[in-house]
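Colleague: I'm new to this one. Could you show it to me and talk me through it?

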Amino acid sequence: MARTPAPPVALPDLRGRTALITGASDGVGVEIARGLAAAGADLVLPVRRREKGERAVAGLRSTAPQTRIELRDLDLARLDSVAALAAALTAERAPLDIVVLNAGIVLLGDGERHTSVDGFELHFQTNFLGHFAFATALLPLLRDRRTRVVIQLSLAAGVARLAWDDLQSERRYAPLRAYGASKVALGLFGYELARRSAASDGRLTVHLSHPGIAPGTAIAPAMRERRRGGAGEALAERWGNTPAEAAQPALLAAVTDAAPPGFFGPLGPLHLGGAAGPLKAYRRVTDPAAGARVWDVAERLLAGRVRAR
Ligand SMILES: NC(=O)c1ccc[n+]([C@@H]2O[C@H](COP(=O)([O-])OP(=O)(O)OC[C@H]3O[C@@H](n4cnc5c(N)ncnc54)[C@H](OP(=O)(O)O)[C@@H]3O)[C@@H](O)[C@H]2O)c1
């Protein structure tokens with residue numbers, strides 16, 4: 001039986017607004033960018049590979065020719081790159097109305113533990129610490145602009161554990177475990193950011209989302225190769241989202257009037273796919289003590305290495 005496509009979120013008129021999306025050179029991120037552009041937003045797209053970014057921009061222009069799109073450089077796995085972009089955006093007083101922290105990696109199918117040039121486990125830095133460093137360095141700018149921040153989690157954040165005594169997976173490494181832990185850390189950061197904003201001036205709005213499963217993106221080709229024909233693949237193909245459908249929860253988070261912090265994802269079977277809607281937050285990412293702890297740990301790990309000004 002043919003699968004019914006999930007309906008797109010109705011977006012308000014976003015003309016005159018600017019949205020920054022990380023990880024928009026591919027997959028779900030490019031579809032988040034396409035959705036925001038279709039509603040009239042200007043785009044700032046930080047990418048780690050210019051050529052790939054330019055290809056994504058060419059694709060976006062085919063559906064939204066009028067959109068102003070600015071490519072910037074950002075490698076979340078390099079703190080010098082994170083610091084440089086945060087400093088440049090701050091110096092320019094970039095008018096960022098929406099910031100979607102969407103970029104992510106999962107190195108499934110590769111049993112070897114990898115570290116960034118900064119020495120951190122690669123999932124931990126790319127998915128969590130790099131985004132933490134970027135967003136916190138930009139905080140004064142984002143507060144001034146009353147920016148909406150959207151944080152892209154994963155179903156994995158609902159089941160994974162963060163090993164506080166082994167955050168860098170030095171003692172025990174498995175790619176899915178490291179990925180899940182990085183998304184738990186990112187979720188804890190998101191809810192803590194929301195709490196800190198509410199407790200201070202409330203100028204920042206924070207919502208969280210997850211895309212379900214989008215088997216058609218570039219995120220885990222090695223895993224797909226290994227599991228080809230298996231039950232997991234059948235489930236993802238049957239109930240998962242296309243990249244455009246998987247973009248809808250983040251788009252909903254970017255425009256919702258719901259009280260922050262909301263959590264949005266697909267409402268279909270097992271939340272793998274389907275129409276975007278509000279979800280109950282994962283308990284493991286809403287604990288205030290753990291949120292404060294992850295913030296402190298990240299600050300200590302960064303120890304003044306990333307400052308926008
Ligand atoms: N697809 C799924 O089934 C699924 C399920 C749950 C959650 N998610 C989450 O959804 C988000 C998007 O995933 P996707 O499926 O769209 O993956 P994707 O197609 O692989 O796209 C990931 C994006 O992140 C960028 N990125 C990776 N490492 C980066 C770095 N060091 N610095 C800056 N950008 C970097 C990639 O850039 P390059 O183009 O240079 O590689 C790409 O633009 C991720 O956060 C992922 O965890 C996806």
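Colleague: Where does Ser-169 lie?

Modeller: Ser-169 is in the loop between β5 (148-152) and α6 (175-199). Helices (H or I, at least four residues) and strands (E, at least two) are DSSP runs, numbered from the N terminus. Residue numbers start from 1 along each chain as its sequence is written. Also, this is a predicted model: local features need pLDDT of at least 70, side-chain atom pairs count only at pLDDT 80 or more, and totals for chains, interfaces and linings use all residues.

Colleague: OK, and what phi does Ser-169 have?

Modeller: A positive one, about 50°, although Ser-169 is not a glycine. Most residues other than glycine have a negative phi, and most peptide bonds are trans.

Colleague: Speaking of peptide bonds, which residues does a cis one join?

Modeller: Pro-260 and Pro-261, with omega at about -5°. Pro-261 sits in the loop between α10 (248-255) and β7.

Colleague: What does β7 pair with, then?

Modeller: β6 (residues 205-209) and β7 (residues 263-266) pair in the parallel sense over two bridges, and there Ser-209 stands opposite Phe-264. β7 and β8 pair in the antiparallel sense, over three bridges, with Pro-266 opposite Ala-276. For pairing, DSSP has to find at least two bridges between the strands.

Colleague: Zooming out, what order do the eight strands of the open sheet have?

Modeller: The order is β3-β2-β1-β4-β5-β6-β7-β8, and the pairing is mixed. The edge strands, each pairing on one side only, are β3 (69-73) and β8 (276-278). From one strand to the next the twist averages 20°. Angles here run from 0 to 180 degrees between N-to-C directions, and axes are lines fitted to C-alpha atoms, for helices over the stretch in contact.

Colleague: How do β1 and β4 pair?

Modeller: β1 (residues 18-21) and β4 (residues 98-101) run in the parallel sense, over three bridges. Ile-21 has Val-100 of β4 as its bridge partner.

Colleague: Which strands does α2 touch?

Modeller: Helix α2 (residues 50-63) packs on the sheet, touching β2 (42-47) and β3, and its direction makes about 165° with that of β3. Contact means that the C-beta atoms of two residues, placed from the backbone, lie within 7 Å.

Colleague: And how do α1 and α2 cross?

Modeller: Their axes come within 10 Å and cross at roughly 35°. The crossing of α1 and α2 is right-handed, meaning that the near helix is turned clockwise from the far one by less than a right angle. The contact involves Val-30, Ala-33, Arg-34, Ala-37 and Ala-38 of α1, plus Ala-56, Gly-59, Leu-60 and Thr-63 of α2.

Colleague: Switching topic: how many residues surround the ligand?

Modeller: There are 29, and the closest are Gly-23, Gly-27, Gly-104, Ser-154 and Thr-217. The shell divides into twelve nonpolar, twelve polar and five charged residues. Ala, Val, Leu, Ile, Met, Phe, Trp, Tyr, Cys and Pro count as nonpolar, Asp, Glu, Lys and Arg as charged, and the others, Gly among them, as polar.

Note on methods: A residue is near a molecule or strand if its C-beta atom, placed from the backbone, lies within 6 Å of it.
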